[in-house]
Amino acid sequence: MVTSVNPPPLPRISPPQLTDAWQQLGPPLPEGVRVRVLSAAYGDPRAAAELVPRLTERQAAGLDPLPAEPAALAPELLRAHRREIRALPDDTRLLLLLAAADQYPVATQAFLRAVTAAGLDTRALEAAETAGIAHATAGGVVFRDAWTRIAAYESGSSADRRDVHRLLARVLHGDGETPRRSWHRGAGALGPSGRLAAELGTAAHEARELGDHALAGALGERAAALSPDPRERSRLLSRAAADAWHRGDGDRARGLVATSDESALNGMLALRSGNATEAFDGLLTAAVRHARAALEQGSVPNRSAGDQGSHSGLPERFVRPDGPHPYPSASRYSHPDSQSSHRVPNPALDIAVHLLARATEAAVYTGDLRRCREAATVAARLGVIPPGTLAGLAAAVEGRYEDARNLLKAAAGRCGPGGDPTLLIHSGIAALLLGDHSGAERATVRAAASARARGETVTVPQAMEFRAYADFWTGRPRAAEAAAADALWQAYATGQDNGACHLQAALAMFAAVTGDGEVCRERAEAARTHARAHGLGLPAALALWALAFLDLSTGRFESAAARLRALAGFGPGHGHRAIRHLATPHYVEAAVRTGDTRVARAAHADYDRWAVAVRSADDLALSARCRALLAPGAEAADHYRTALDLHAHGSRDFERARTELLFGSALRRLRHRTEARDRLHSALEAFETFGAPHCATQARAELRALGAPATITPGPADLTTRLTAQQLMVARMAAEGATNREIAVRLALSPRTIDHHLRGVFSRLGIRSRIELVRLLGEEGV
């Protein structure tokens, strides 16, 4: 018996489809579930509306995967489509069956060759065209929609399906077509076959090596269905689950791995959509398991004689029996730190190091960075040199800042072209921690490019998470905001709700800086709600920083100081060390404004020790700014000048502008009017360029206190510099005729927030209606 095939890879839904379907789903579903429901339904509002009532409570909450098979997604819609297909002549249905088998779940592009080989008459397709079901083109058959194509396949009998698959297999004999020929051979099989399962398993490996995870997953699932060996079937399904995850189909991956004890992939799924603490335990457990397998092969370097063959000192929960791993090619995960000239290559060790890197990410997300130290300790006792980011974070947690700097610099240096996307992302994280934002941008851009080239769709939004920071701090706030908004959609669509939470927090941060208070609060609340439920310290801390900075830039100093004090006073469950470094300079400013500097001085002392250790020009500049804020009278001016000299060698232009604002204010109080005016005008110009209206308002207030003009000479009327990235996207959609509700759906915001955005657009552009907006955008060519 031939089992039903899995659905084709999830498509990118167009905005109109998304809007229409989303409105039918209503508000109860979490945002990530709604996006995945629409992806699973191929953007069809009828299928989405049929699927939602069928979800279990756990599926509706995002705790369990969505149904994977078409018959479970929208059975009524499929029945209606099948009735249409069955009303057609037999020869028309046969051609549609052949075309459908050629297109999904594996696109083989062999329809015309099969028609010629079988001597079929394509004129029979005219009946399908007349019925509006499909139409013929020079390249083959185009179906009305995805559900019609599925119905065309499922309307055929089992015997007819086997026949068309065998026909397609016969004509697929060109270069590079072997995996697809194997697919059709497997789909045409009568029943279990160890020989055919082995052929499909080999073909899956070939597809995997080429980065075609959609094809590899389909071959792996078919091989598992045909395999008579339960252990081999389990291994094949485990790898198919990994393929589904890599290509961005998180629901299918979770469904395939749900009944297995594969802690590696389960840990990865928990890291991206579950509880980060549980993810850490699962990933570290899997790392230990593979490291033990490597020990048995005698290839782990740097073990002392006393440690050989012993696991003493390891936490008991990290010592478990070995089992199959879900990774398609172990060698691709090898880490430079794990190599030595005398080591024999060992796939188990490569995987162990890769899993340690993932455990590092889990520790970073939780905010309890003591877990980094635990992972580093486990690695050391196993004789595995941990990835540099892991070891660097562990050293930072222990206060060994110089060691942390050296380890992070080594990790950040691995950002050459190509390479493993995970290692490149870790290079970017290390560079961000060191204050090297240009290096972080290079690493994360290359990570995204490498992920796309390898077919690892799921990794792209993660790379974009960290690229957004680099773009922002290096003076491209609009690019950062636009990239983060796009990555947010990708994260939700690929089942990475934890990554989406991080991106919501990042977007809240951008909104705080660009003065969108309503958006900031909405994004921050969404991030904090999800973070609290999933043990995510990093996005929770980042969202709190966003709210604190919004308070600081709008003069609510007491509130800002209270929020920032919680972030500067790091501890497990109380913020995140990476955000501590982001928050401390602003906490010092808020504390000085409120006259309570005792804790601020201690926070600055630790920040200064870090800045001196990592030798980042930007961190040293911000430390000098803190020193200026805490210094009395004229002494502060020298520290401000030192800060600005250091900013000149850094990349954080926005912070340089804030330093000029604070310096200008101090100079005004010291009655150095000319220099104060120059500094404040420079700060105002930068804030206008950044689109930071609250900070610009502060600069204007200082200029008015000086009696100086509080305006700058406007440059060319460029809408891309007068609007934030979010405002520009809203303006474009509004000009295209989208309603506020439709825009809200596309940007994952509330209609009330979109209304707020449009009012801001009209205010900044000096217009009063959408008609004027259409005209202005047309004139500007935006």
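Author: Residues are numbered from 1 along the chain as its sequence is written. Local features need pLDDT of at least 70, side-chain atom pairs count only at pLDDT 80 or more, totals for chains, interfaces and linings use all residues, and side-chain values use heavy atoms, with hydrogens and water left out.

Reader: Which pLDDT values are found over residues 300-343, and how many contacts does this stretch have beyond near neighbours in sequence?

Author: Over residues 300-343 the pLDDT is below 50, although the stretch has 118 contacts in the model beyond near neighbours in sequence, a contact being heavy atoms within 4.5 Å. Residues 570-574 also stay under 50, with nine contacts beyond four places in sequence. Where pLDDT is low, the predicted coordinates should not be read in detail.

Reader: What secondary structure does the protein chain have?

Author: The protein chain has 42 helices and two strands, taken as DSSP runs (H or I of at least four residues for helices, E of at least two for strands) and numbered from the N terminus.

Reader: Why is H6 called roughly perpendicular to H10?

Author: Helix H6 (residues 75-86) and helix H10 (residues 146-154) pack at an angle of about 65°, with their axes 8 Å apart; the axes are lines fitted to C-alpha atoms over the stretch in contact, and angles run from 0 to 180 degrees between N-to-C directions. Angles under 35 degrees count as roughly parallel, over 145 as roughly antiparallel, 65 to 115 as roughly perpendicular and the rest as oblique, so H6 is roughly perpendicular to H10. The contact is made by Leu 77, Leu 78, His 81, Arg 82 and Ile 85 of H6 and by Trp 147, Thr 148, Ile 150, Ala 151, Ala 152 and Glu 154 of H10.

Reader: What makes H33 roughly antiparallel to H34?

Author: Helix H33 (residues 617-630) and helix H34 (residues 635-647) pack at an angle of about 165°, with their axes 8 Å apart, and that angle makes H33 roughly antiparallel to H34. Among the residues that meet here are Leu 620 and Ala 624 in H33 and Tyr 640 and Leu 646 in H34.

Reader: How do you know whether Ser 273 is buried or exposed?

Author: Buried means under 20% relative accessible area, exposed over 50% and partly exposed in between, with a 1.4 Å probe and protein chains only; Ser 273 has 15% relative accessibility and therefore counts as buried. Ser 273 is found in helix H17 (residues 263-273), and, not counting residues up to four places away in sequence, Ser 273 touches Arg 254, Gly 495, Asp 497, Asn 498 and His 534. Across the protein chain, buried residues make up 59% of the 782 residues.

Reader: Why does Gln 109 count as exposed?

Author: Gln 109 counts as exposed because its relative accessibility is 70%. Gln 109 is found in the loop between H7 and H8, and its phi is near 55°, a positive value in a residue other than glycine. Pro 105 also has its place in the loop between helix H7 (90-103) and helix H8 (111-118), and a cis peptide bond, with omega about 0°, joins Tyr 104 and Pro 105.

Reader: What makes Arg 671 exposed?

Author: Arg 671 has a relative accessible area of 72% and is therefore exposed. Its place is in the loop between helix H35 (653-669) and helix H36 (673-690).

Technical notes
pLDDT = per-residue confidence, 0-100.
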